[in-house]
Amino acid sequence: MENLYMPARVIYGKNAVRENAAVLKELGGSCLIVTGGSSAKKSGALDDVQSALESVNIKYAVFDRISANPLLSVCHEAGEEARKIDADFILGIGGGSALDSAKAIAIFAANPGLAPADIYKRVYDNAPLKVALVGTTAGTGSEVTGVSVLTNDETGRKKSISGADCYAAVSLCDYTYTCSMPYDITVSTALDAFAHAVEGYFTPKATGIIDLWAEKCIPEIYNALCFMYETKTVPDEKLRDSLYKGSLYAGLVINTCGTAFPHPLGYVLTENYGVPHGKACAAFFKAFFERAQKFAPVKAEKLCSLCGAESYEIIEVISSLADIHIKISEEDAENYSLRWAESVPKNFISSPGSLTREEAKEILASL
Ligand code: NAP
Ligand code: FE
């Protein structure tokens, strides 16, 4: 049975922000803009957003302290800033980190008594503020997902929240903002989008419409990855457009299916070795795809034909772009895998052949 819920309004295309100020006005008369340190400015998105807000008399303040792998404590602080200016909505500009933060900030802003880590309890009194998102990377698909991935300062671990309260009211998606991404960030974020489409494609929930979305975006993202693998240069505007669209399709796939084991294993590389999210997930593509070939050979074969490549070629492209040179000892692998000792994550269970903690440990140790 297919069960799809995806209530985010998405406006896609060049000048999506400039031409849709009226849509933002529907969200209220004041907002807190939340961004990272520089990408919102570099991409041109912040300028466009400020002009759009001013054109419809929306008051705003800017909170620009969101880091990669956003911290709960910072989102909590930003929630307080939003209350100070009496914001009606939160507007996130940036990659997944700023967009995911906007969702959490909207919850904290509406709930003054909520302590940072209590956001994981998923119980609070007031509905979150509305959220508008303007993406500057082509990767996470946070624009369309009801998910926010946050790092708990107390444990140093990444953990997501998800649900009906984590959708944007509107996402204004202009691929031209992704053009300022340098090569490495473009590669890593594209690898994340590819991981979403492929991991989701092999979960038991991927049937019917989901398969269509995955099968549409897998070749588009793979083409862009091949271009970067072969030329070691950033894509042109046309390819940026297709990558951003691809990342949104891939976001729709994980929004229903979730991700598989490369994501939780990737968190280990990000938390302990500072590997950016997309590359961290791609580090486990080989292990994942070999398992897919064993337990879901028909779909694995289909994926190869969609990409127009043999499995070894796809593995070479993805692994080479991930560019991971980390060796994890048996002992460290055992320690890292303890986080899954009480219960294995859903992502393990929905992976091809399901995955046990023991197998996850072996995959980490054989990286
Ligand atoms: P990111 O962490 O948002 O940004 C990575 C880096 O790219 C930052 O230094 C950022 O700069 C820079 N950057 C962003 N856009 C740029 C641009 N247009 N030009 C130049 N630099 C740019 O990267 P991301 O991969 O998009 O997001 C990763 C996060 O999303 C992770 O925490 C991951 O776990 C999460 N995630 C969420 C979902 C979901 O469904 N919600 C799904 C998968 C992953 P600034 O710091 O200046 O912004
Ligand atoms: Fe991801």
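1. The second largest pocket of this predicted model has a volume of about 290 Å³. Lining it are 16 residues, and those closest to the centre are A283, K286, S319, S366 and L367. Helices and strands here are DSSP runs numbered from the N terminus (helices H or I, at least four residues; strands E, at least two); α11 (285-295) and α13 (311-322) are the elements that give two or more residues to the lining. A pocket is an open set of points on a 1 Å grid over the protein atoms alone, where a 1.4 Å probe fits, with protein on both sides within 12 Å along at least five of seven lines; lining residues have an atom within 4 Å of a point. Points are joined across faces, edges and corners, and the volume is the space filled by probe spheres set on them.

2. As to conventions, residues are numbered from 1 along each chain as its sequence is written, and chains are lettered from A and ligands numbered from 1 in the order in which they are written. Local features need pLDDT of at least 70, side-chain atom pairs count only at pLDDT 80 or more, totals for chains, interfaces and linings use all residues, and side-chain values use heavy atoms, without hydrogens and water.

3. An open, parallel sheet is formed by 6 strands in the order β1-β8-β5-β4-β2-β3 (two strands pair if DSSP finds at least two bridges between them). β1 (9-12) and β3 (59-63) each have a single partner strand, so one side of each edge strand has no neighbour in the sheet. On average, neighbouring strands are turned by 20° against each other, direction ignored. Between β1 and β8 (170-173) there are 4 parallel bridges, and V10 stands opposite S171.

4. Helix α5 (96-110) lies across β2 (30-34), β4 (89-94) and β5 (130-135), at about 170° to β4. Helix α8 (237-257) lies across β1, β5 and β8, at about 170° to β1. Contact means heavy atoms within 4.5 Å; axes are lines fitted to C-alpha atoms, for helices over the stretch in contact, and angles run from 0 to 180 degrees between N-to-C directions.

5. β6 (147-152) and β7 (157-162) run antiparallel, joined by 6 bridges; V149 has S160 as its bridge partner. The two strands form a hairpin with 4 residues between them, and G156 in the turn has a positive phi of about 75°. β6 is largely enclosed by the rest of the structure, because 5 of its 6 residues are buried (under 20% relative accessible area; exposed is over 50%, partly exposed in between; 1.4 Å probe, protein chains only).

6. The structure holds 0 disulfides (pairs of cysteine sulfur atoms within 2.5 Å). The sulfur of C31 is 16 Å from the closest cysteine sulfur, in C75, too far for a bond.
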